[in-house]
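Here are some notes to read alongside the structure, written as numbered points. Please keep the 3D view open and look up each residue as it is named.

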Amino acid sequence: MATGRTHRPATRSRGIPEATVARLPLYLRALTALSERSVPTVSSEELAAAAGVNSAKLRKDFSYLGSYGTRGVGYDVEYLVYQISRELGLTQDWPVVIVGIGNLGAALANYGGFASRGFRVAALIDADPAMAGTPVAGMPVQHTDDLEKIISDNGVSIGVISTPAGAAQQVCERLVAAGVTSILNFAPTVLSVPDGVDVRKVDLSIELQILAFHEQRKAGEEAAADSAAPPAAAKQQRKGPDGDVPAVMPA
């Protein structure tokens with residue numbers, strides 16, 4: 001079985017822009033949903049709407065894959081699922097370790113979407129000795145003392161950090177020294193890594209703060225609209241021979 005240590009995704013060698021790479025999982029998710037419904041083909045407009053992008057951008061992205069669809073027919077769903085999965089490196093096994101098995105780490109360990117998307121959780125690691133041997137998601141938690149051996153034995157190149165912020169950098173450095181070249185960081189801190197190591201940061205608090213900004217702006221726009229509107233009770237006036245009179249006279 002292939003592992004992440006000996007195979008790398010083909011995207012960089014083929015010159016696919018990073019922005020396109022970031023959208024490929026969105027297309028794959030939408031295509032997978034279509035495949036599960038046994039939909040054979042999809043137009044660029046339908047797929048773009050499902051992925052949340054515009055159709056011109058989608059067609060440009062797919063041109064990097066060498067996929068242009070068929071006029072009047074659209075794109076073959078199953079073939080696109082395979083093509084995008086291959087570009088993302090998901091047609092092989094990617095062993096992953098999760099370091100930090102608190103509430104978030106345990107939730108990630110229990111996430112059922114890893115296996116169906118080409119990822120295998122190879123080990124759960126935590127610094128708390130009391131956690132050692134505790135089953136989480138059907139796997140025993142292992143101590144960080146064994147981190148390097150676990151990485152080597154499982155051929156791991158992707159690590160997930162869900163530790164407290166204060167421990168994240170040290171864990172990161174140990175992962176990198178052991179051969180991990182890609183890190184998904186859930187810790188609320190910025191990691192420093194050497195060239196050649198990719199880090200993707202997921203910060204839920206930042207995402208919530210961005211949503212709060214948009215909520216505040218929407219509330220401000222609604223308040224401004226309300227203050228600009230004429231009072232509902234105001235009556236239209238018109239000029240009469242004796243001055244202003246109501247626009248509608250009583251019978």
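1. A definition is needed first: contact means that heavy atoms lie within 4.5 Å. Please also bear in mind that this is a predicted model.

2. The helix H7, which spans residues 147-154, has Leu-147, Ile-150 and Ile-151 as buried residues. When one looks down the axis of H7, its buried residues fall within an arc of 100°, so they line one face of the helix. The face turned away from that buried side carries Lys-149, Ser-152 and Asp-153, which are exposed.

3. What lies over the buried residues of H7? The cover includes strand E3 (94-99), E4, strand E6 (139-143) and helix H8 (165-177). Just after H7 the chain reaches Gly-155, which takes a positive phi of about 60°.

4. Several of these strands belong to an open sheet of 7 strands, whose order is E5-E6-E4-E3-E7-E8-E9 and whose pairing is mixed. At the edges of this sheet are strand E5 (135-136) and strand E9 (198-201), each of which pairs on one side only. Within the sheet, E4 and E6 pair in the parallel sense, over 3 bridges.

5. Asp-126 deserves a separate look, and its place is in strand E4, which covers residues 119-126. If residues up to four places away in sequence are not counted, Asp-126 touches Gly-100, Ile-101, Gly-102, Met-131, Val-141, Gln-142, His-143 and Thr-144.

6. Elsewhere in the chain, Ser-85 is found in helix H4, which is made up of residues 77-87. Is Ser-85 buried or exposed? Its relative accessibility is 12%, and because buried means under 20% relative accessible area, Ser-85 counts as buried.

7. Leaving aside residues up to four places away in sequence, Ser-85 touches Leu-28, Leu-90 and Thr-91. Ser-85 and Arg-117 are 32 residues apart in sequence, while in space they are 8.5 Å apart, taken from C-alpha to C-alpha.

Note on methods
Residues numbered from 1 in each chain as written. Predicted model: local features only at pLDDT ≥ 70, side-chain atom pairs only at ≥ 80, totals over all residues. Heavy atoms only, no water. Helix = DSSP H or I, 4+ residues; strand = E, 2+ residues; numbered from the N terminus. Buried < 20%, exposed > 50% of the residue type's maximum accessible area, 1.4 Å probe, protein only. Arc of directions from axis to C-beta. Pairing = 2+ DSSP bridges.
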